[in-house]
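Dear colleague,

I am passing on the structure we spoke about, and I would be glad if you could look through it alongside the notes that follow.

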Amino acid sequence: MSVEDLTRLGIFLVTLTVFCSVSGHKYNYDNPSEWNQEYETCRGNRQSPIGLVREESLDNTNLPKLSFNNYNLPLSMPVEAQNNGHTVQVKVNDVVDGGRPSVTGGGVSEIYEAQSFHFHWGSQNSKGSEHEIDKNKYDVELHIVHKNIRFANLNEASNDPSGILVLGIMLKKWQFIPTFRTGLNAVYDTLPYLSKYDSTQTLNETITMNSILSGLNTRQFYTYNGSLTTPPCSQAVTWFVFKDVVPIQSRYLKRFWTLYDSRNIPLLNNFRPIQERNDREVLYREGRRSTQ
Ligand SMILES: [Zn+2]
């Protein structure tokens, strides 16, 4: 091996190390069905997303509604959005008095603290939600990721079957201009600055987690046991996918299509295809906005 070869090898190893430490898991959306070659769990039997169908779900009128704690309080600033090469991710800070936004109820017995939220989208020609509701795909799916407070971090939580709770929210393209802003508008405002991989941008207004829920009816949902929808596909997630949808203006939807991944390739269609439900039970809670 020549000096030149050794130099090249050195540069390669340094690049590899930096890449792996920055991006965590290395994967892309060229062919999600091949993730299981490197990540064994991606071929497991409680994978996500799945198709949610009302007729195939168990109506459970006794299921308690979800309770949202500290969702009404502003997050401490600065709140940062990042293009991590797979999605736009926003870190959920402590709320202003030092507590954390959390979720309880919905049939789970423990407390889950919000960690971050991110989006899955399509392209000009395709819709990008991960779950389907009654065979319908939506334009964007927002995931709010929570970890069970028994665990120190998400990594540890991902090794436990009840370690993680994710709220799935469908965003649907809307032609009308809404008369009010939600917390999501503050996130959409960062997108023009996030086109490059690993770029970050601070939200320029305060948000609460309620403002991210955007007035959604949280009493009507599907819930089932599944997995992370990205490698390593850990089977640690209790899913709550809401039936109600949040509108997204067409001009904001288009901004998601302007992002690039770590290879400098347009980051489009960053959703995993539907997985087998197998023998899993899906529960449905029919909660009307005004009554329950
Ligand atoms: Zn997700």
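At 49% relative accessibility, Arg150 falls in the partly exposed class, and in this predicted model its side chain meets that of Glu110 in a salt bridge, with 2.5 Å from N to O. Arg150 sits in the loop between strand 9 and helix 3 (154-157) whereas Glu110 belongs to strand 7, so the pair ties together parts that are 40 residues apart in sequence. Glu110, for its part, has a relative accessibility of 23% and therefore also counts as partly exposed.

The structure holds 14 salt bridges, and Arg181 takes part in a further pairing with Glu205, where the closest N and O atoms are 2.6 Å apart. Arg181 is partly exposed at 44%, as are Glu205 at 27% and Asp189 at 25%. Elsewhere, Asp94, Arg100, Glu113 and Lys147 are joined in a network of salt bridges.

Please also look at the metal site, where His118 (NE2), His120 (NE2) and His143 (ND1) coordinate the zinc ion at 2.0 to 2.1 Å. Of these, His120 in strand 7 (residues 108-121) and His143 in strand 9 (residues 140-148) link distant parts of the chain, being 23 residues apart, and both His120 and His143 are buried. Along the chain, the donors follow the spacing H-x1-H-x22-H.

How values were computed
Residues numbered from 1 in each chain as written. Predicted model: local features only at pLDDT ≥ 70, side-chain atom pairs only at ≥ 80, totals over all residues. Heavy atoms only, no water. Donors = N, O, S within 2.8 Å, 3.2 Å for Na, K, Ca; no water. Helix = DSSP H or I, 4+ residues; strand = E, 2+ residues; numbered from the N terminus. Buried < 20%, exposed > 50% of the residue type's maximum accessible area, 1.4 Å probe, protein only. Salt bridge = Lys/Arg side-chain N within 4 Å of Asp/Glu carboxyl O.
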